[in-house]
Amino acid sequence: MKKFVESVGFIVFAQGAAGLLYEWTGWFRLWALVAKLDFLDDYGLFVNIVLLVTGGAVMAAADSIRT
């Protein structure tokens with residue numbers, strides 16, 4: 001269970017990082033899921049920051065899971 005939560009946290013963190021790179025440089029459109037969602041066009045930067053922080057928090061919280 002701990003590895004699953006860490007993996008989910010990493011995927012969320014990677015989506016946030018790829019989204020920020022896409023917002024700033026135009027790269028990583030293939031990986032950035034938020035860039036493909038039309039209803040988040042105006043909020044892309046903020047959503048990617050939230051994904052980045054949430055992914056880090058989930059990975060940190062995975063340490064408290066007992067095996």
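In which segment is Met1 found? I placed Met1 in the segment before α1. I kept in mind that this is a predicted model.

Entry on Met1. I checked its cover next. Met1 counts as exposed because its relative accessible area is 72%, and the cut-off for exposed is over 50%. I also took a distance from Met1 to Ile11. The two are 10 residues apart in sequence, and their C-alphas lie 15 Å apart in space.

Entry on α1. I read this helix as residues 2–25, 24 residues in total. From first C-alpha to last, α1 reaches 34 Å. That is close to the 34 Å expected at 1.5 Å a residue. I then listed the buried residues of α1: Val5, Gly9, Gly16, Ala18, Gly19 and Leu20. I asked what they pack against, and found that the buried residues of α1 pack against α3. Just after α1, I noted Gly26 with a positive phi of about 90 degrees.

Entry on the surface. I found a nonpolar patch made of Trp24, Tyr43, Leu45, Phe46, Ile49 and Val53. Together these residues have about 680 Å² of accessible area. Which helix gives the most to the patch? I got α3, residues 44–61, with 4 residues.

Entry on Leu45. I looked at this patch member on its own. Leu45 is found in helix α3.

Note on methods: Residues numbered from 1 in each chain as written. Predicted model: local features only at pLDDT ≥ 70, side-chain atom pairs only at ≥ 80, totals over all residues. Heavy atoms only, no water. Patch = residues over 30% accessible without salt bridge, like charges linked within 9 Å, V, L, I, M, F, W, Y side chains within 5 Å. Areas by Shrake-Rupley, 256 points an atom, 1.4 Å probe, with all protein chains shown as cover. Salt bridge = Lys/Arg side-chain N within 4 Å of Asp/Glu carboxyl O. Helix = DSSP H or I, 4+ residues; strand = E, 2+ residues; numbered from the N terminus. Expected span 1.5 Å × (residues − 1). Buried < 20%, exposed > 50% of the residue type's maximum accessible area, 1.4 Å probe, protein only. Contact = heavy atoms within 4.5 Å.
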